[in-house]
Amino acid sequence: MAAVTLSVSTLKPLGDRVFVKVSAAEEKTAGGILLPDNAKEKPQVGEIVAVGPGKRNDDGSRSEIEVKEGDKVLYSKYAGTDIKLGTDEYVLLSEKDILAIVS
Amino acid sequence: MAAVTLSVSTLKPLGDRVFVKVSAAEEKTAGGILLPDNAKEKPQVGEIVAVGPGKRNDDGSRSEIEVKEGDKVLYSKYAGTDIKLGTDEYVLLSEKDILAIVS
Amino acid sequence: MAAVTLSVSTLKPLGDRVFVKVSAAEEKTAGGILLPDNAKEKPQVGEIVAVGPGKRNDDGSRSEIEVKEGDKVLYSKYAGTDIKLGTDEYVLLSEKDILAIVS
Amino acid sequence: MAAVTLSVSTLKPLGDRVFVKVSAAEEKTAGGILLPDNAKEKPQVGEIVAVGPGKRNDDGSRSEIEVKEGDKVLYSKYAGTDIKLGTDEYVLLSEKDILAIVS
Amino acid sequence: MAAVTLSVSTLKPLGDRVFVKVSAAEEKTAGGILLPDNAKEKPQVGEIVAVGPGKRNDDGSRSEIEVKEGDKVLYSKYAGTDIKLGTDEYVLLSEKDILAIVS
Amino acid sequence: MAAVTLSVSTLKPLGDRVFVKVSAAEEKTAGGILLPDNAKEKPQVGEIVAVGPGKRNDDGSRSEIEVKEGDKVLYSKYAGTDIKLGTDEYVLLSEKDILAIVS
Amino acid sequence: MAAVTLSVSTLKPLGDRVFVKVSAAEEKTAGGILLPDNAKEKPQVGEIVAVGPGKRNDDGSRSEIEVKEGDKVLYSKYAGTDIKLGTDEYVLLSEKDILAIVS
């Protein structure tokens with residue numbers, strides 16, 4: 001097998017999965033509103049860079065994913081699979097692990 | 001990614017989630033009725049500030065959330081995800097973790 | 001948020017939940033029939049003071065709750081969430097945790 | 001709340017529950033057939049004294065309970081909730097914990 | 001309650017349960033084929049003496065039990081509830097714990 | 001009960017179960033392709049000798065088993081119930097524990 | 001039973017299983033993008049060499065597998081069953097354990 005190029009543009013999530021770029025800890029939130037300190041160690045905010053086709057229903061149809069590329073989201077600590085591409089951190093989440101859109 | 005502004009007005013819960021402002025411990029309940037002492041350490045009362053669109057059913061419809069913005073609610077201790085915005089504490093709960101409306 | 005008044009009359013259970021006033025241990029049962037001693041430490045008998053609208057079914061209808069305000073009930077030890085209002089103890093139970101009507 | 005009278009005649013099981021009078025250990029089984037010794041310490045045989053209305057189905061109908069008052073039954077050790085009324089022992093079981101009718 | 005007569009002929013399994021007479025360890029299998037040694041300590045072969053009416057389906061019909069009285073069966077070690085009647089050992093199994101018919 | 005003859009020809013799996021003769025460790029795989037060493041201690045390859053009628057569906061029909069007698073299969077280590085007939089080892093597996101057909 | 005030939009060409013996954021050739025650690029990813037170091041010890045990238053027929057639905061139809069032979073995929077660490085054929089490592093995965101297509 002030839003070398004696999006893992007890059008943001010070529011990674012396509014499957015099913016109900018969402019590919020999220022983790023927000024760096026040094027990116028302070030605006031407006032004087034801060035995440036608690038422990039959030040700097042375990043980021044819970046990120047930006048969606050790709051979404052899967054949605055979970056397949058029992059009848060073969062799909063439940064379209066409700067978030068879209070570009071959405072900033074809050075997600076469950078400990079959820080998903082961490083992936084590092086170069087110096088950037090990403091996480092592959094199931095849609096259900098996304099708690100809220102934050103902007 | 002630009003800095004994310006986490007604020008009450010921009011945070012939109014997904015699915016069956018409800019965004020709740022935790023009632024401060026020093027806010028004594030009125031009418032001579034008090035929560036037990038341990039409730040001051042682990043608040044279980046809060047006010048809803050935003051609700052999600054509701055859980056998607058298997059047929060694509062949604063189960064509308066039964067509580068609404070402004071409701072004071074009693075919720076399960078230990079449920080949900082704690083979020084701190086400035087000095088205020090919030091919690092993102094699933095609707096099913098809300099036990100009762102208290103006013 | 002203004003102070004929340006937790007009182008029996010304003011607390012409305014959600015879903016399939018039932019609000020129950022715990023029977024005080026000193027209230028001996030009538031007719032020479034007694035609960036075992038350990039029941040005095042962990043009451044399992046109470047009177048229903050409010051019932052929720054019932055569990056929502058998948059098709060949007062509700063399964064009406066089978067017990068009603070005023071029913072004396074026997075419920076599972078360890079079930080539900082304990083709430084103290086003044087000197088009285090209450091418990092918020094799911095309907096399924098109620099074992100039997102006792103009078 | 002007035003004193004609750006717990007008695008066999010007023011206790012009405014809910015849902016798929018069955019109210020069973022535990023067979024006293026000294027009641028030897030007839031015909032030279034005996035339960036193993038440990039059954040005397042943890043009775044598994046009893047007589048049904050009341051049955052609930054049956055489990056509610058998803059469509060609102062009920063699955064009628066298959067055992068009836070007067071049936072002698074064998075039930076799972078450890079199942080249900082033990083209740084003592086005077087000197088008699090009872091157990092509130094789910095119908096599914098009843099293994100067999102024994103007479 | 002009068003004494004309960006536990007006997008093979010009067011015990012009627014409920015639901016999907018099957019009443020099985022455990023094969024005594026000294027009953028060597030025929031044809032030079034033996035069960036492993038540890039099978040003598042924890043028998044896994046038996047003969048069906050009674051079957052229940054079958055598991056009730058959601059629509060009220062029943063899934064008839066596939067084994068019948070007289071079948072010799074192999075069943076899961078550790079499954080079911082052991083019952084001793086006189087010197088004979090029996091086990092009450094769920095149909096799903098029966099692995100195979102052995103003759 | 002007469003002695004039970006446990007033999008390959010008379011053992012009929014029930015439901016979705018499959019009866020598999022475990023491949024002896026000394027049977028090296030052909031073509032220079034070997035299983036890892038630990039496979040010799042815990043065989044994961046076998047040949048199907050009998051299949052059950054298939055899992056019964058909720059509507060009473062059956063999901064026919066996809067493997068058939070004679071298939072060589074790879075199955076989950078630790079799955080199923082081990083049975084020894086004479087010097088041969090067998091395993092009773094659920095169809096879902098079979099990972100692949102290997103020839 | 002004759003010797004079983006385990007080879008890539010003859011191994012046919014069942015159900016929703018996918019047969020994946022694990023990407024060797026020395027195959028650096030192209031474009032300056034690297035997997036984190038620990039990925040070298042526990043590979044999570046591979047190339048699909050065979051797919052099963054898909055999971056059978058309750059009505060007998062099948063949910064076709066969404067990935068195909070030749071796809072490079074990212075899969076859950078710890079998922080599936082490891083198989084070694086000669087010096088190559090393979091893994092048998094359930095489709096749901098595949099997180100994304102990576103090229």
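Phe19(G) has 0% relative accessibility, so Phe19(G) counts as buried. The model is predicted.

**Aromatic pairs**

- Tyr90(G) also counts as buried, because its relative accessibility is 5% and the cut-off for buried is under 20%.
- Over all chains, the count comes to seven aromatic pairs.
- One of them joins Phe19(E) and Tyr90(E): the ring centres are 5.0 Å apart and the planes meet at 20°, so this pair is stacked.
- Phe19(E) sits in strand 2 (residues 17-22) of chain E and Tyr90(E) in strand 8 (residues 88-94) of chain E, so the pair links parts 71 residues apart in sequence.
- Phe19(E) and Tyr90(E) are both buried.
- In chain G, Phe19(G) and Tyr90(G) form a stacked pair too, with 5.0 Å from centre to centre and 20° between the planes.
- Phe19(G) belongs to strand 2 (residues 17-22) of chain G and Tyr90(G) to strand 8 (residues 88-94) of chain G, so this pair ties together parts 71 residues apart in sequence.

- Seven strands make an open sheet with antiparallel pairing, in the order 7(D)-8(D)-2(D)-3(D)-6(D)-9(D)-1(E).
- Strand 7 (81-85) of chain D and strand 1 (12-13) of chain E stand at the edges; each has a single partner strand, so one side of each has no neighbour in the sheet.
- Strands in a sheet pair through backbone hydrogen bonds.
- Strand 7 of chain D runs antiparallel to strand 8 (residues 88-94) of chain D, and five bridges join them.
- Leu85(D) stands opposite Asp88(D), which lies in strand 8 of chain D.

Note on methods: Residues are numbered from 1 along each chain as its sequence is written. Chains are lettered from A and ligands numbered from 1 in the order in which they are written. This is a predicted model: local features need pLDDT of at least 70, side-chain atom pairs count only at pLDDT 80 or more; totals for chains, interfaces and linings use all residues. Side-chain values use heavy atoms; hydrogens and water are left out. Two strands pair if DSSP finds at least two bridges between them. Helices (H or I, at least four residues) and strands (E, at least two) are DSSP runs, numbered from the N terminus. Rings of Phe, Tyr and Trp (its six-membered ring) pair if their centres lie within 6.5 Å; planes under 30 degrees apart count as stacked, over 60 as edge-to-face and the rest as tilted. Buried means under 20% relative accessible area, exposed over 50%, partly exposed in between (1.4 Å probe, protein chains only).
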